[in-house]
Amino acid sequence: MAAIRQEKISDFDAREALLDRAYGDVRFAKTSERLREDRLPAAGLSFVATEGRAIVGSVRLWDVTAGPGRPALLLGPLAVSPEHQGKGIGAKLMKQAIAAARMRGHGAILLVGDAPYYGRFGFSAAKTGLLWMPGPYQKDRLLALELAAGALDGARGMIGATGRLAPKPELGALVAAASNGAVKSPTPRAA
Ligand SMILES: CC(C)(COP(=O)(O)OP(=O)(O)OC[C@H]1O[C@@H](n2cnc3c(N)ncnc32)[C@H](O)[C@@H]1OP(=O)(O)O)[C@@H](O)C(=O)NCCC(=O)NCCS
């Protein structure tokens, strides 16, 4: 049975491999990625699912604004490794992420995803009609869950990234790692 815990730095490679398998390269082209790249996830809101020592699921939440001056979280990516799907791991990750966001006092969570899946956790497009993402997306897939009643009342405008910037690797360390063969080719990014 899968267990859920906070993501650790040492989970990095296993999580990347999991996301590659669950989404393929398309994950870098998603507009949500524009709100995540070069940022750190929201404090205390990255979780992995484990089966023994294996990472079989992952979810993160990110600091954004739902229109000017309205703090919110963006959820994603949510992924479960293909051979472990359909066993309730996605639901466990979602429930943990939502509960932790609520405990930390966040008011609302946004995401771009399938309403038939996320609807079961209370997400809907009811309050996202006047919000927009900074790039292409399907409007009916922009969903939200209020953690505090009315947190998204009157929400309108562009969703923007507000998370802390991720530290840039120091050039000397990159060169040394590359000469040891420890640096992979640059991450593909969509325009
Ligand atoms: C979506 C995903 C995270 C679900 O994880 P999971 O552990 O398989 O989910 P659970 O076991 O908690 O729930 C399974 C249920 O969700 C349904 N489901 C899964 N993906 C769905 C989707 N995209 N739309 C609607 N329902 C979906 C299954 O049919 C199943 O339904 P049932 O409970 O009626 O049998 C997983 O399938 C995945 O990683 N997919 C690839 C990446 C992805 O597309 N992620 C974002 C989805 S928008």
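The model is predicted: local features need pLDDT of at least 70, side-chain atom pairs count only at pLDDT 80 or more, and totals for chains, interfaces and linings use all residues. Numbering starts from 1 along each chain as its sequence is written.

The ligand is surrounded by 16 residues, the closest being Gln85, Gly90, Ala91, Gly113 and Tyr117. By class the shell holds nine nonpolar, five polar and two charged residues; Ala, Val, Leu, Ile, Met, Phe, Trp, Tyr, Cys and Pro count as nonpolar, Asp, Glu, Lys and Arg as charged, and the others, Gly among them, as polar. At least two shell residues come from each of helix H1 (12–23), strand E5 (79–80), helix H3 (89–103) and helix H4 (115–118). H3 contributes the most, three residues. Helices (H or I, at least four residues) and strands (E, at least two) are DSSP runs, numbered from the N terminus.

Strands pair if DSSP finds at least two bridges between them.

| Strands | Direction | Bridges | Partner residues |
|---|---|---|---|
| E7 (residues 131–132) and E9 | parallel | two | leucine 131 and glycine 157 |

In total, the chain has five helices and nine strands. Its radius of gyration, taken over C-alpha atoms, is 17 Å, close to the 16 Å from the globule rule (2.2 Å times the number of residues to the power 0.38) for 191 residues, so the chain is as compact as a globular protein of that length. The C-alpha trace spans about 55 × 40 × 30 Å along its principal axes.

How values were computed. Near = placed C-beta within 6 Å.
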